[in-house]
Amino acid sequence: MKKQLENNTIRNSIIIFLICLAVHTFEVLIIRTDETFLAECFINKVFGIILLSVVLYILKWQWTDIGFVRQKLLFNVLKGFVLCLIFYSIAFVFEFVILYMQGIHAHMEIFVTGFSLTGNTVKQTGTGFVLMCIGFNIINVWMEEGLFRGFYITYIAKEHSNKTALYTAALLFGLWHLVTPFRSLLDGDMSIGMFAVMSIGYVILSALMGIKWGLLYQLSGTVWIGLADHFFNNCVVTNLLHVVTDNGVDDLQIVRVIIGELTSFAAVAVYSKMKRRKSHAN
């Protein structure tokens with residue numbers, strides 16, 4: 001089994017991805033945990049962590065081999081939080097400016113919701129829900145950063161170039177997010193045309209986020225920077241902190257996410273390019 005896993009890394013990565021995707025699809029379409037008071041699909045993430053643990057055991061790898069290192073852990077987590085804070089502050093400012101230009105009064109509120117491409121549908125308040133939101137998001141980013149960044153990028157790079165590993169992992173991460181618009185199509189919340197547009201956009205945006213977090217992993221050798229940025233993005237920006245108007249909640253959330261992610265992606269991509277040029281020059 002170990003020898004089989006050590007060869008054909010892209011093929012094996014796709015197989016692992018399809019297994020996780022099957023559980024993810026079943027939970028999103030059938031169990032619909034995110035539509036309950038829990039407001040988060042976490043079962044497939046727990047499954048992914050367990051499956052990843054098994055794969056690491058077979059390969060005789062440690063979690064440290066895929067970026068879960070202890071050195072400068074808190075400092076790297078802080079870097080990720082600051083990265084997300086800077087660029088989502090810009091995104092929130094743009095959102096409020098757009099609403100102001102439309103003559104819409106807006107303010108921020110803190111409460112727990114699940115994310116939907118067609119709008120947040122579950123609203124919960126109370127300390128218990130906030131703690132659950134934080135806990136589920138920790139599970140979420142641990143699985144996604146562990147699998148799509150730490151494992152795939154390290155694993156695929158054993159046989160292929162770092163670029164191939166980065167882009168393959170990012171593509172799989174983009175495809176991972178197709179389940180959400182597909183459910184909206186099945187539920188009748190989207191037309192086929194809207195589904196096509198939203199799917200392409202969502203996959204591209206998710207893939208770019210995957211490249212950004214992958215670059216952070218390759219540059220630092222640790223998952224903590226990307227994991228912290230990912231956590232802040234999901235937990236705070238999407239699930240906890242909301243822009244409320246007389247018309248509803250988070251009407252421009254998609255715009256906020258696009259601005260926040262594209263600006264941070266551009267910054268990380270430029271920094272990565274400068275870093276590589278400097279290393280080549282030396």
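Just after helix α8, G221 takes a positive phi of about 75°. Helices here are DSSP runs of H or I with at least four residues, strands are runs of E with at least two, and both are numbered from the N terminus. The model is predicted: local features need pLDDT of at least 70, side-chain atom pairs count only at pLDDT 80 or more, and totals for chains, interfaces and linings use all residues. Residues are numbered from 1 along each chain as its sequence is written, and side-chain values use heavy atoms, with hydrogens and water left out.

Helix α8 itself has 29 residues. From its first C-alpha to its last, α8 reaches 41 Å, close to the 42 Å expected at 1.5 Å a residue. The expected span of a helix is 1.5 Å times one less than its number of residues. I192 lies in α8. I192 counts as exposed because its relative accessibility is 66%; the scale used here calls a residue buried under 20% relative accessible area, exposed over 50%, and partly exposed in between, with a 1.4 Å probe and protein chains only. I192 and F182 are 10 residues apart in sequence, and their C-alpha atoms are 9.7 Å apart in space.

Two other residues have a positive phi. N8 sits in the loop between α1 (2–6) and α2, and its phi is near 55°, a positive value in a residue other than glycine. With 40% relative accessibility, N8 counts as partly exposed. D250 also has a phi near 55° and is not a glycine. D250 lies in the loop between β5 (248–249) and α10, and its relative accessible area of 7% makes D250 buried.

The next helix to follow is α5. At 1.5 Å a residue, the 30 residues of α5 should span 44 Å, and the end C-alpha atoms are 42 Å apart, which agrees. Helix α5 bends by about 35° at G146. The bend at a residue is the angle between axes fitted to the seven residues ending there and the seven starting there.

What are the residues with the most contacts inside the largest nonpolar core? They are I16, L147, F148, F151 and Y152, in a core of 68 residues. A nonpolar core is a set of buried Ala, Val, Leu, Ile, Met, Phe, Trp, Tyr and Cys residues joined through side-chain atoms within 4.5 Å. The elements that give two or more residues to this core include α2 (9–31), α3 (43–59), α4 (73–101) and α10 (253–281). Helix α5 gives the most to this core, with 10 residues.

Empty space comes next. Rolling a probe the size of a water molecule over the atoms shows where empty space is left. On a 1 Å grid over the protein atoms alone, a cavity is a set of points where a 1.4 Å probe fits but cannot get out, and lining residues have an atom within 4 Å of a point. Grid points are joined across faces, edges and corners, and a volume is the space filled by probe spheres set on the points. The count comes to 1 cavity of 30 Å³ or more, and about 30 Å³ of space lies in the largest cavity.

The largest cavity is lined by L38, A39, E40, V112, T113, C133, F136, N137 and N239. By class, this lining has 5 nonpolar, 3 polar and 1 charged residues. Ala, Val, Leu, Ile, Met, Phe, Trp, Tyr, Cys and Pro count as nonpolar, Asp, Glu, Lys and Arg as charged, and the others, Gly among them, as polar. Strand β2 (112–113) and helix α5 (127–156) each supply at least two residues of the lining. Helix α5 gives the most to the lining of the largest cavity, with 3 residues.

Some pairs of residues show how distance along the chain and distance in space are set side by side. V46 is in helix α3 and, at 32% relative accessibility, counts as partly exposed. V46 and W142 are 96 residues apart in sequence and 9.3 Å apart in space, C-alpha to C-alpha. I19 lies in helix α2, and at 39% relative accessibility I19 counts as partly exposed. I19 and I259 are 240 residues apart in sequence, with 32 Å between their C-alpha atoms. G103 lies in the loop between α4 and β1 (106–110) and counts as exposed at 66% relative accessibility. The C-alpha atoms of G103 and G260, 157 residues apart along the chain, are separated by 23 Å.

Key. 1 Å grid on protein atoms, 1.4 Å probe; cavity = no way out; pocket = protein on both sides within 12 Å on 5 of 7 lines; lining within 4 Å.
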